[in-house]
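Please keep the structure in view while reading.

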Amino acid sequence: MNRKERKQVRKFVALIMLLSAVLTGCTQSPKNGAAPPQNVDPNHQVQVNQTAPQKKEITDPAGVAQRLEQIAGSVPNVESANCVVFGNTAVVGINVPQGMDRAKVGTVKLSVAEALKHDPYGVDALVTADMDLAERLRRVRDHVMNGRPINGFAEEMAAIIGRIVPQVPRDVVPPQTNPNR
């Protein structure tokens, strides 16, 4: 055996020894008679208690909406705010001065979120500075105030979805003309 072959054999033996040491170390039981952990179920899932606070139940939607609008409106550079509460979720739309650059709008939106964070109902509110969504939220709010919460919400949601869903040319059906007219 030449010198190069002996060197390769030594590397191979060292590799085998290292591999066996690693595998042996991974399969050893706990030392000092320690028992395996008992908080792990047979499927190796650890049980954890929920630590995040639950959403506060909204019992007076109109009052919560008005309160969140006032908080949002008190933030500098917020011209107006509209809030809609459905179930246990509040959505706040803010209007900012026209021509404000996107970075500044983001800062104002973050400031509103920080202001709402200190309110028990506002901490879970959704904040938007999108002009179109804020206007639609105002319309939904007006419908709710006029006693048409379901119809107003359905109409505005249809309009929002109509803007989001793309139109595929293949799906366009030409209007049928009535030959009797």
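In this predicted model, Arg138 and Asp142 form a salt bridge in which the closest N and O atoms are 2.6 Å apart. The two residues are four apart in helix H4, and about one helical turn therefore separates them.

**Salt bridges**
- Arg139 and Glu135 also meet in a salt bridge, at 3.6 Å from N to O, and they too are four residues apart in helix H4.
- Glu135, Arg138, Arg139 and Asp142 are linked in a network of salt bridges, and among its members Arg138 is partly exposed at 30% relative accessible area, while Asp142 is partly exposed at 27%.
- Among the five salt bridges that the structure holds is the one between Arg67 and Asp119, whose closest N and O atoms are 2.5 Å apart.
- Because Arg67 lies in helix H2 and Asp119 in the loop between helix H3 and strand E3, this pair ties together parts that are 52 residues apart in sequence.
- Arg67 is partly exposed, with a relative accessible area of 36%, whereas Asp119 counts as buried at 5%.

**Strands E1 and E2**
- Strands E1 and E2 run antiparallel and are joined by seven bridges, with Cys83 standing opposite Val92 in E2.
- Five of the seven residues of E1 are buried, and in the hairpin Gly87 takes a positive phi near 65°.

**The second largest pocket**
- This pocket has a volume of about 190 Å³ and is lined by 13 residues, of which ten are nonpolar, one is polar and two are charged.
- Helix H2 gives the most to the lining, with five residues.

Conventions:
Residues numbered from 1 in each chain as written. Predicted model: local features only at pLDDT ≥ 70, side-chain atom pairs only at ≥ 80, totals over all residues. Heavy atoms only, no water. 1 Å grid on protein atoms, 1.4 Å probe; cavity = no way out; pocket = protein on both sides within 12 Å on 5 of 7 lines; lining within 4 Å. Points joined across faces, edges and corners; volume = space filled by probe spheres on them. Nonpolar A, V, L, I, M, F, W, Y, C, P; charged D, E, K, R; others polar. Buried < 20%, exposed > 50% of the residue type's maximum accessible area, 1.4 Å probe, protein only. Pairing = 2+ DSSP bridges. Salt bridge = Lys/Arg side-chain N within 4 Å of Asp/Glu carboxyl O.
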